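Here are my notes on the model you sent over. Have it open while you read, and go through the points in order.

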Amino acid sequence: MASLQDEFSVEHKKQFRSAIGRLGGAAGMARASVQVEKSIPVRWQGEVVLKRWEMPELCQDISTPQCGLKSLDLSGNTLTPQDVSLLADALAKNRSIQRLNLWGCGVDDDGAEKLAKAFTRQQVDTYLTHLGLWGNNIGDMGVIKLAQWFQKDYKLQTLDLGQNHIGGQGAHAVAHALAGSGVQEIDLRYNDLSADSIVELAQTFGQSKLAKIDLRYHRVMLTAKDREAIVAAVGRHPKRQFLYNPFV
């Protein structure tokens, strides 16, 4: 029969092993955390100026599960169709980027469609809350593809499509998509909107919880009837903004 001293010794060893196990687990978690932090490529943070040969490396980095990059800003970099294809494929695999800015990157309708397909493939685990596409070459066909994506995306909150080539057909698709999406703010300044599409966007705004639509600097003359329809649709929302040019 085991003595009281033996039983105490056995119990003491169990407690010691348990404590060591807990310390080992905590140390492992700490090492993993440091490893993830170190895996975030520092040179892809902030405003990135890409050299011509760096796009494949960037895409490889953001495709990895360990990538913890929250924001990617490629504004001002001229992207070729091949660059956009590589980027779209990488973004489809990414699970961390929340803000993506591609201002003035030369993205056209084909590029917009590739991005839309990438975000659609990413849909289940998407984290994207902001997409900036100001100053590109996106027309109606490209924005229609983007609208088909963000209509079903409830995490995207702000969308910048200013200074593109979006006309009435594209604006109609945007208005339809906004009614069922999670987008709170959209910028459509400096586009080729029609009077009918502006009225339709106003009606969407009035019937939704959108916080802001900016349509200023459009190139169409609104009639008195158009302006009356806009005012009637928008109503008075002191904490919400529907911005347009009543007189051009």
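1. Let's start with Asp187. Asp187 is buried, at 12% relative accessible area (buried is under 20%, exposed over 50%, partly exposed in between, with a 1.4 Å probe and protein chains only). Asp187 sits in strand E5; helices (H or I, at least four residues) and strands (E, at least two) are DSSP runs, numbered from the N terminus. Leaving out residues up to four places away in sequence, Asp187 touches Trp134, Leu159, Asp160, Leu161, Gly162 and Asp214, where a contact means heavy atoms within 4.5 Å.

2. A word on what you're looking at. This is a predicted model, in which local features need pLDDT of at least 70 and side-chain atom pairs count only at pLDDT 80 or more, while totals for chains, interfaces and linings use all residues. Residues are numbered from 1 along each chain as its sequence is written, and side-chain values use heavy atoms, with hydrogens and water left out.

3. Now the overall picture. The protein has eight helices and seven strands, and buried residues account for 42% of its 248 residues. Take the contacts between residues at least 6 apart in sequence: 83% of them join residues at least 24 apart.

4. You'll find Gln163 in the loop between strand E4 (158–160) and helix H6 (168–178), partly exposed at 38% relative accessible area. Not counting residues up to four places away in sequence, Gln163 touches Trp134, Gly135, Asn136, Arg189, Tyr190 and Asn191.

5. On to the rings. Rings of Phe, Tyr and Trp (its six-membered ring) pair if their centres lie within 6.5 Å; planes under 30 degrees apart count as stacked, over 60 as edge-to-face and the rest as tilted. By this rule there are six aromatic pairs. One of them is Trp149 with Phe150, edge-to-face at 6.4 Å centre to centre and 90 degrees between the planes. Trp149 is buried at 1% relative accessible area, and Phe150 is buried at 0%. Ring pairs also link Phe119, Trp149 and Phe150 into a cluster.

6. What does the pair Tyr190 and Tyr217 tie together? Tyr190 is in the loop between strand E5 (185–187) and helix H7 (195–206), and Tyr217 is in the loop between strand E6 (212–214) and helix H8 (224–234), so the pair ties together parts 27 residues apart in sequence. These two rings are stacked, 4.8 Å centre to centre with 15 degrees between the planes. Tyr190 is partly exposed at 32%, and Tyr217 is partly exposed at 37%.

7. Two charges sit over rings, meaning that NZ of Lys or CZ of Arg is within 6 Å of the ring centre and within 35 degrees of the ring normal. Lys155 lies over the face of Tyr127, 5.1 Å from the ring centre. Arg240 lies over the face of Phe205, at 4.2 Å.

8. Last, a helix pair. The axes of H2 (residues 55–63) and H3 (residues 81–93) come within 8 Å and cross at roughly 10 degrees; axes are lines fitted to C-alpha atoms, for helices over the stretch in contact, and angles run from 0 to 180 degrees between N-to-C directions. H2 and H3 are therefore roughly parallel (angles under 35 degrees; over 145 is roughly antiparallel, 65 to 115 roughly perpendicular and the rest oblique). Met55, Pro56, Cys59, Ile62 and Ser63 in H2 meet Asp83, Leu86, Leu87, Ala90, Leu91 and Lys93 in H3.
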